[in-house]
Amino acid sequence: MGFGADLTLFEASDDDLRNALKSAELPTLLPSLAYITGDLSLLDPDLRPPIVPVAIGRPAQGGLSAEQQEGIRELALQVLQKLRGDGFIPTPEGDERSVLAIMEYLTGDIPEDYAALLKSELGLPQQKVIKPVLQEKAKESFNLIIIGAGMSGLAAAYTFAQAGISFTVLEKNPDVGGTWLENHYPGCRLDTGNFAYSYSFAQKNDWPTEYTERDEVLRYFQEFSKRTSLRDSIRFGTEIISARWDETASRWDIQVKDDQGIITTYNANFIISAVGQLNRPKIPQIQGQELFQGAWMHTANWNSDLDLEGKRVAVIGTGSSAYQVIPSIYSQVKELVVFQRSAPWLLPTPNYHDPIPDGQKWLFRVIPEYHRWFRFYQFWTNIKGRYRYSKVDPNWDRFANGSVSEANDSLRKVLTEYLETQFSGRPDLLKKVIPKYPPYSKRMLRDNGAWAKALTSPNVTLATDPIERLTEGGIATQDGQEYPADVIIYATGFNASDFLQPMQIFGMSGVELHDFWQGDARAYLGILIPNFPNFFCLYGPNTNFLTNGSITVASESAVNFALECIRLVIEGGHKALQCRFDVFQEFNREIDAANQQMAWGIPEVKSWYKNQFGRVSQNWPLPLLEYWARTRVANPDDFEIW
Ligand code: NAP
């Protein structure tokens, strides 16, 4: 049988149930059934998923033994048969005791301070109530401008709508989605599980794959903005040119240009900047660039009209974007030369491109909140599993070992073995594809074998000698080779450290934000900058999470903090708030010191996580709980308020 769109649990035969259970994600199946039935005896200790380290990803079925897997299927079958016989599926109330018991079953003992974070991520509707801001206490009405309708901007809009604050979103593009709208190169997809790369307050049970393709991610944001009517509050095709703080009126004057080039001014008490970090494509300056006669493009500005069929193509870069483009185009082009400056570490992920099996999709549909517990388990294993592998042990000889600690070294060995297997027939390539730097010093790339398949193809060459110059007909490297090319694809990343460019933001006494930063963007909790009152950044400096969380939880946390600050201003009968300079400085000292203790902070490795001064300007170095806890409450002692 097929699990058609309409098949309900009540119509399913025993064979249907058995078939579906064959492909079920088992670690969270009994917990989900326990949750909806309220029968906590289903949390059988003998069928509990083991707590295993997940430095290289969750093991299949959470590491449950074959016997345990059969036990879970059998027990789940009985529960599903009973629900079918009863003719109705209970609506769980999500009582605290059951939720905590189920969480503990999946995670082991939960430290008390973690429980609130985990409950928030579980995102049960009854636990996601946002307290409205008491506007009636304010002497005047307040309004807010959100810049950007990507992932963070929409999260902010949703939250402020719940809190009862009037806002307008200004978006330069014609649609929502930010980076997912702009990037549409072949192969573009999530390399974070999409259950985790979705809002805790807008979870979804019908993802087609676990690492979803770009169109589906974009559709998620589009549908979210329609379902919540947030779209009505977005002015598309509207780009911010500048914002100026008016000290007398305590408000921002914001100059915007619409898609007709018409300039208008908005006023707002608060600005939320949600402009992202990765949207200013970086095209490296290479000698002779003007001579090249062929076509060229950056991955983020993909020209779909440029037909690559039968062409000689050069791709510069081997980061996340290149990793997705190269396997998607190599079979259609005549010749492909990949210019690699640093080899990437690959994170083995066998199901990276696989659809979620039909049986599993059906179970997600008919068992309420199963998808939520699955997302919860993904989230937990990610935040608990990887952080320690990225921490530097100061007593470890990283130059001798190519790793930053014993744990990191064990990971290096596993990842090296993976590469050895992938490139087993090509010793010439193997010596080029093993990175020289420790794992987690740069972003790892999820791999299901697609990389080796592309690089070992007869029409593909991996060039590792540094690029010297472009010529009329291609790319010349320092070893004297010249590689002919009809098309050059720059997969060279973004000017990530140029935060909030090209906007001009004038704060107290007319100081411009980029003059204040002097090329070294910093913000308290990545959100607040002294001299820029009532101005909040989302996905700001030092809020990128590598081994310690996800970008969605970081953005939701920053939105919460901004809301709590705004609540402080409005409910306290004030006009404005700014971060104290000493608090900002102390925070930066702490974050800089902690980043130096992480694999991505070691001085000998360059990456987009660092700015021109070698400071890690992107990443959050502490456990996620630290960010989450610090963004729960706005402490008046940290601010100047007037
Ligand atoms: P990236 O990680 O910065 O990679 C750029 C690549 O270009 C690197 O291999 C870099 O080499 C190389 N490069 C840069 N300048 C060069 C030059 N002058 N000569 C030769 N090589 C040069 O950029 P990205 O791949 O676009 O990814 C950026 C970030 O975007 C990712 O880390 C990720 O956060 C996000 N992203 C996410 C997804 C996803 O979720 N699916 C997909 C794409 C991107 P070096 O390493 O030696 O500097």
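Is arginine 214 buried or exposed, and what is its relative accessibility? I started my notes on this predicted model with that question. I found arginine 214 at 13% relative accessibility, so it counts as buried.

**Entry: the partner of arginine 214.** I looked up the salt bridge between arginine 214 and aspartate 215, where the closest N and O atoms are 2.8 Å apart. Aspartate 215 is partly exposed, at a relative accessible area of 46%.

**Entry: bridges within helices.** I turned to helix α17 (residues 551-571), where arginine 567 and glutamate 571 sit four residues apart, so about one helical turn separates them. Their salt bridge has its closest N and O atoms 3.7 Å apart. Arginine 567 is buried at 7% relative accessibility, while glutamate 571 is partly exposed at 24%.

I then checked the salt bridge of arginine 630 with glutamate 626, which is 3.0 Å from N to O. These two are also four residues apart, in helix α19 (residues 624-630). Arginine 630 is partly exposed at 24%, and glutamate 626 is partly exposed at 33%. I also noted a network in which salt bridges with shared partners join Lys204, Asp206, Glu216 and Arg219. For the whole structure, I noted 30 salt bridges.

**Entry: the ligand.** I looked at the 22 residues around the ligand and saw that Arg189, Asp191, Ser321, Ser342 and Lys442 come nearest. A ligand oxygen lies 2.7 Å from an N or O atom in the side chain of lysine 442. A ligand oxygen is also 3.2 Å from a polar backbone atom of alanine 491. The protein covers 85% of the 910 Å² of accessible area that the ligand has on its own. Helix α9 (residues 320-329) gives the largest share of the shell, three residues.

How values were computed
Residues numbered from 1 in each chain as written. Predicted model: local features only at pLDDT ≥ 70, side-chain atom pairs only at ≥ 80, totals over all residues. Heavy atoms only, no water. Near = heavy atom within 4 Å. Polar contact = N/O pair within 3.5 Å; in protein donor to acceptor, adjacent residues only side chain to side chain. Areas by Shrake-Rupley, 256 points an atom, 1.4 Å probe, with all protein chains shown as cover. Salt bridge = Lys/Arg side-chain N within 4 Å of Asp/Glu carboxyl O. Buried < 20%, exposed > 50% of the residue type's maximum accessible area, 1.4 Å probe, protein only.
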